[in-house]
Amino acid sequence: MGYELYRHVLNNAPAEIDAAARLVLAVIADDANEKTRRSYLGMDLLSHRTGLLPDSASKALRRLAKAGFEIRVPVGTDKNGKPVFAMKGHRTVYLIPVFPERFMAPKPGREADLQGEESPDERQAKDGSKAGSSSAKAGRESAKPGREADPLPQSPQSPHSFGPEDGSLFPVPEETNTHKDEMNKPAKKKTTAPEHLDITDQMRAWADQNTPGINLELETLKFLNHHGAKGSKFIDWVKAWRNWMINARQFAEERQQNRRGNLRVVGGSRNDVPDNSYWDNVTDEDLKRSFL
């Protein structure tokens, strides 16, 4: 590969060569042999490496020839006497020209080097070397027996930082993430109905307040039998028990209302539902007259 030829083209190719032609020339130079300066790069690979279409790469080669830099080696001529650069069984051969060397301005400090003076880069490097030697000497002095070395400065975030007065360590706050802890907790699983459910004092207090008048023992037995037969599964059986008691209370109220609506009213309309005091005032004679 022609690395030196590639650098030669980049550094010394004339400025009037356009960007596409310069790219084609540089790619061919990179492929050329260092000694013969020749390249046998095919058009398909040249197009791939330059990113140009084959037609655009051919036009770039023609512009190079028009600028006076014909890098294609002719293999013959046509009937009009024009050079032919490729034919069947013979691919195009490229020859990288030798460009005149461009003047390269010396780098800063180069003239001082030629005169034996130190450049700014050398002075900076020497100053850094002196500073390093001073630090190393101070370290050796602190390591001598009988002398306690000063502690190295630490940042306030370091767990080894010392307090300004009492020499205690700064407390390092522990990382806590409540949300992360909640996510890591194992999820509760649903279970089937237990064989027995103890009615605690807390459950009784809740029932007295929310579902008074319910036979807790009987309804609890019905609750367990119902869900045990169905194979129901709940995460919290106490809350399921509360829902059952609420429904039992509602069903009891509905039954009581239906029973009142079906009473036969004596001495009045069906919409007039008598209370207990009414029956206390009804005599046997009144009941006999109502059936006559």
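Ground rules, quickly. Residues are numbered from 1 along each chain as its sequence is written, and side-chain values use heavy atoms, leaving out hydrogens and water. Because the model is predicted, local features need pLDDT of at least 70 and side-chain atom pairs count only at pLDDT 80 or more, while totals for chains, interfaces and linings use all residues.

The whole chain, then. It has 12 helices and seven strands; these are DSSP runs numbered from the N terminus, with helices being H or I of at least four residues and strands being E of at least two. Of the 292 residues, 22% are buried, meaning under 20% relative accessible area, with exposed over 50% and partly exposed in between, using a 1.4 Å probe and protein chains only. The accessible surface is about 22,800 Å², and carbon and sulfur atoms hold 52% of that. Among contacts with a separation of 6 or more, 53% join residues 24 or more positions apart. Contact means heavy atoms within 4.5 Å.

Now a helix pair. Which angle do H3 and H4 make? Helix H3, residues 43–50, and helix H4, residues 54–66, cross at roughly 95°, with axes that come within 9 Å. That makes H3 roughly perpendicular to H4, a label for angles of 65 to 115 degrees; under 35 is roughly parallel, over 145 roughly antiparallel, and the rest oblique. Axes here are lines fitted to C-alpha atoms over the stretch in contact, and angles run from 0 to 180 degrees between N-to-C directions. H3 brings Met43, Leu46 and Ser47; H4 brings Pro54, Ala57, Ser58 and Leu61.

Next, Thr211. Is it buried or exposed? Thr211 is buried, at 2% relative accessible area. It sits in the loop between helix H8 (201–210) and helix H9 (216–230). Setting aside neighbours within four places in sequence, Thr211 contacts Trp206, Met245, Ile246 and Arg249.

Last, the rings. How many aromatic pairs does the structure hold? Five. Rings of Phe, Tyr and Trp (its six-membered ring) pair if their centres lie within 6.5 Å; planes under 30 degrees apart are stacked, over 60 edge-to-face, the rest tilted. Phe223 and Trp237 have ring centres 5.8 Å apart and planes at 70°, so this pair is edge-to-face. Phe223 is in helix H9 and Trp237 in helix H10 (residues 237–261), 14 residues apart. Both Phe223 and Trp237 are buried. Ring pairs also link Phe223, Phe234, Trp237 and Trp244 into a cluster.

Methods
Accessible areas come from the Shrake-Rupley method with a 1.4 Å probe; for residues, only the protein chains shown count as cover.
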